[in-house]
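Opening the notebook on this one. Jotting down what I looked up, item by item.

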Amino acid sequence: MASIKRDIKYLNRDFSEFRSKLIDFSQTYFPNTYNDFSPSSLGIMFIEQAAYVGDVLNFYLDNQIQENFIQFARQKNNIYELAYMFGYKPKTTGVAQVDIDVYQQLPAITSGSSVLPDYTYSVTLPQNSQVVSTAGDTFLIEDKVDFSVSSSSSPTEVTVYQVSSNQPEYFLLKKTVKAISSRIKTTTFTFGSPSPFQTVNISDSNIVKILDVVDSDNNIWYEVDHLAQEMVYDSIKNTNENDPNNNLNSGEVPYLLRLKKVQRRFATRFISENLLQLQFGVGDSSNNDEEITPNSNNVGLGLPFNQNKLTEAYSPLNFLFTNTYGISPSNTTLTVRYLVGGGVSSNVAANTLTTLSTPTQFNNNNLNPTLANYIQNSISVNNPLAARGGKGPDTLEEIRQNTLAKIASQNRSVTAEDYLIRALSMPSIYGSVSKAYIEKPKLTDNQVSTIETLNLWILTKNSQNYLVSSNNTVKKNLRTYLSQNRIIGDSIEIRDAFVINIGVEFEIIVLPEFNNNDILINCIGEIQTYFDIDNWQINQPILLRDLYVLLDRVRGVQTVKNIKILNKAGFTSGYSEYEYDIEAATLNQVVYPSLDPSIFEIRYPNRDIKGKVVPL
């Protein structure tokens, strides 16, 4: 019997379409076999059952396809898995942040003809000190607070607190530090025989992150983004033993940044909002390929064929292509400290974080017990502003949008602006970059750049909050910090930008009914705010017209007669060494910076801004 070619339609998607096409199919190809298509007939029952099955299958097929795309997925566990696949870690809580003022009194000591604070009684708050609000909310000061040192990253404000016989008896020291709404919790996990890719789960609400993991032998385990990542950032104290060439900068740069290859590592992921999973590697401590130094003989060691080396993409995070993925913990107990906290309720009001619950430590043990006890009791904390940033977990839409942004960035510095922002984001313990500017080198008509070279010009602040050139330690730390995200074809030259110190002189005419001194003070205050160095960037010009408009708006000023910008230079006078021809650099009421990247700075606003009231 010859086979009959059936006209099969593949466009049916729902129950009604399936039902209609099945009836048409039966009427077309089986006209004499069955022709009762009334709603109560037996044939319609079978047709509708087949249509029902087709509709259900199509629904699940569409749903499964939809759940494979981060833009359309709706099930929370699928969205979590897709986010991790693209490199984004969903947040189960949002921590609040706040500036906390920490105060300590110091006794006065006479040094020659001067009365100074006696820093032998200075105290230190250890890392992760806890501050508690009046309502019981806990905040964590992550960095150590040491009153014995003052640097650009941790300046100390000193004022006279108590006077006796017209001489200071006690000084008050103040440091402002960052704190987050978190508290530390601890759990332990015991491991027996090694097993590949072991996992353990921490079940808790509002988990912020893993603080540290230490095993029974005091070995530190490092958190990585994925188990194939072998290199991590490591901080070491800036001491003579660790770096004899740079330890002179230990006050400004307390830590050195290094890249370290580690075998004890783990990756984390949230299985749900209240369940954090830690996963360890597959190797064991006897496998020595975790300690290999890269050379031409071992790069690509795990590739099956030599020909693969021609086309393989190499990563510094796993240049060996080994399958150990770190070692697996065995016959040990891991102590895991993690942070919990955050949420909307952690946005506490101002002046409520007033209790320091972590004991402080004196930097010197040979102290008068009575005086030391008095100093200990003088330590206080407060938050002058309300905490901000506390929120609930990422919503599904936030996870989608953050994941899409992560895909676009790929955790790489691609544009010049990427390097600029990353340089400014380097943690202050490695040296704070206050100002940064990036550009391509200026080439002549006969020069051609064969690689993508970028000049990164930076400046830092000293303990007096003045802009200065960065020391070598900051530059080395910054170079290490940029290296992990640098594209292999990019070459970054870190250079010192130039500081041009200036002064301002102006003349105004005051309305008759106003006091001249009051108006001058207000005008000087406006110029000080305008030239606040935090609001200025490298290569930003001075628009004299803006200054005229600024002073014209001061209540009581009839008109601004003249504004003059002056150059201040010379180490002996406390200024930058660079002289600058302001008059030659002024064109059409705009003072332009130099061709080499530079920034204008009023170093001493109280004396370098001068005003004069002149007659009409």
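**Salt bridges and helices**

I started with Asp101, which is buried at a relative accessible area of 7% (buried is under 20%, exposed over 50%, partly exposed in between, with a 1.4 Å probe and protein chains only). This is a predicted model, where local features need pLDDT of at least 70, side-chain atom pairs count only at pLDDT 80 or more, and totals for chains, interfaces and linings use all residues. Residues are numbered from 1 along each chain as its sequence is written, and side-chain values use heavy atoms, leaving out hydrogens and water.

Next I looked up the partner of Asp101: Lys174 forms a salt bridge with Asp101, closest N and O atoms 3.9 Å apart (a Lys or Arg side-chain nitrogen within 4 Å of an Asp or Glu carboxyl oxygen). That pair links distant parts of the chain, 73 residues apart, with Lys174 in strand E8 (residues 167-180) and Asp101 in strand E1 (residues 97-111). Strands are DSSP runs (E, at least two residues), helices too (H or I, at least four), numbered from the N terminus. Glu157 joins Asp101 and Lys174 in a network of salt bridges.

Then Lys391, which is partly exposed at 31%. I found it bridged to Asp394 at 3.7 Å and to Glu398 at 3.5 Å. Asp394 is buried at 9%, whereas Glu398 is partly exposed at 29%.

Last, I checked helix H3 (residues 76-85): Ile79, Tyr80, Leu82, Ala83 and Tyr84 are buried there. Gly87 follows H3, and its phi is positive, near 95 degrees.
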